[in-house]
Amino acid sequence: MRLATWNVNSLNVRLPHLVDWLQQAQPDLVGLQEIKLTNDKFPHDALQQIGYHAIAHGQKTYNGVAILSKQPDQPRDIHTRLPGMEDDPQSRLIAASYGDMRFINVYIPNGAEVGSDKFIYKLQWLGAFIPYIKAALSIYPKLAIVGDFNIAPDDRDVHDPKAWEGSVLVSPQERAFFTQLLELGLQDSFRLFEQPAESYSWWDYRAAAFVRNRGLRIDHILLSPALAATCQTCTIDTTPRKLERPSDHTPVVT
């Protein structure tokens with residue numbers, strides 16, 4: 001089974017890219033982030049035509065997440081809110097079970113700037129996320145968490161660690177939360193294998209960052225021990241980032 005994650009940065013804009021990529025890559029389960037549309041606007045028909053069924057937790061203009069599946073099983077036990085944050089208006093999580101696998105897709109807050117209100121919200125969100133994942137691991141042996149985490153786990157995941165030192169996405173507070181996830185027993189599928197140096201999943205639109213490979217690895221697929229034991233590969237597919245009007249993120253596939 002192939003799992004993938006992709007922050008499409010507007011499904012309205014990137015739908016042709018997504019359809020083409022799905023037809024080529026043929027992943028079984030995909031987490032999409034920043035779909036930036038409400039559920040009633042979700043393009044179910046276009047995706048069903050190529051064999052994918054979707055569930056979505058959308059939001060107008062901002063955020064929004066979805067899961068695409070080629071599986072014949074209907075998704076079960078769908079969650080869209082973290083415990084304790086049921087009133088949060090931001091659509092950042094969608095989880096469902098497919099067969100014997102629990103698939104959790106997240107768009108973790110960016111945080112804007114260390115110390116800002118948005119950064120405080122990010123830490124609050126992560127503070128609710130950790131116990132949610134701990135509980136999920138106790139229930140589901142086969143658990144995959146995918147998404148735009150907006151955290152570069154260590155300096156290997158940053159094109160210029162010195163320039164980024166202390167900034168949002170790489171701050172000690174954010175990295176500590178990522179470490180907590182690994183300490184629960186999850187494994188970063190990308191780091192299960194020897195990888196090329198300077199491998200990133202996001203590049204700013206400005207200053208020719210993609211051409212210069214000045215990026216960050218902030219999109220991740222974390223696996224429970226049972227899934228990690230069967231994982232055979234994990235790659236970052238940079239092909240969609242080379243297209244006209246691309247997302248600033250590119251897919252990660254395992």
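Colleague: How much space lies in the second largest pocket?

Modeller: A general idea comes before the number. Rolling a probe the size of a water molecule over the atoms shows where empty space is left. In this predicted model, the second largest pocket holds about 210 Å³ of space.

Colleague: Which residues line the second largest pocket, and how do they divide by class?

Modeller: Its lining draws on residues from several parts of the numbering, including Met1, Leu3, Met101, Leu223, Leu227 and Thr254. Also in the lining are Thr230, Cys231, Gln232 and Thr233. By class, six residues of this lining are nonpolar and four are polar, with no charged residues.

Colleague: Thanks! And what is the volume of the largest pocket, and what lines it?

Modeller: The largest pocket has about 490 Å³ of space. Its lining counts 22 residues, and Arg92, Tyr107, Asn110, Gly111 and Asn150 lie nearest the centre. The lining of the largest pocket comprises eight nonpolar, eight polar and six charged residues.

Colleague: Let's turn to helices. How should I read the buried residues of α3?

Modeller: Start with the geometry of a helix. An α-helix has 3.6 residues a turn, so residues three or four places apart point the same way. Here, α3 covers residues 117-139, which is 23 residues. From first C-alpha to last, α3 reaches 34 Å, close to the 33 Å expected at 1.5 Å a residue. Among its buried residues are Tyr121, Lys122, Trp125, Leu126, Phe129, Ile130, Ile133 and Ala136. Phe119, Ala128 and Tyr132 are buried too.

Colleague: In what order do the strands of the open sheet come?

Modeller: Six strands make up this open sheet, in the order β5-β6-β7-β8-β12-β9, with mixed pairing. At the edges are β5 and β9 (187-188), each of which pairs on one side only. Strand β9 is joined by two bridges to β12 (residues 219-223), and these two run antiparallel. Within that pair, Gln187 stands opposite Leu223 of β12.

Technical notes. Residues are numbered from 1 along each chain as its sequence is written. This is a predicted model: local features need pLDDT of at least 70, side-chain atom pairs count only at pLDDT 80 or more; totals for chains, interfaces and linings use all residues. Side-chain values use heavy atoms; hydrogens and water are left out. Helices (H or I, at least four residues) and strands (E, at least two) are DSSP runs, numbered from the N terminus. The expected span of a helix is 1.5 Å times one less than its number of residues. Buried means under 20% relative accessible area, exposed over 50%, partly exposed in between (1.4 Å probe, protein chains only). On a 1 Å grid over the protein atoms alone, a cavity is a set of points where a 1.4 Å probe fits but cannot get out, and a pocket is an open set with protein on both sides within 12 Å along at least five of seven lines; lining residues have an atom within 4 Å of a point. Grid points are joined across faces, edges and corners, and a volume is the space filled by probe spheres set on the points. Ala, Val, Leu, Ile, Met, Phe, Trp, Tyr, Cys and Pro count as nonpolar, Asp, Glu, Lys and Arg as charged, and the others, Gly among them, as polar. Two strands pair if DSSP finds at least two bridges between them.
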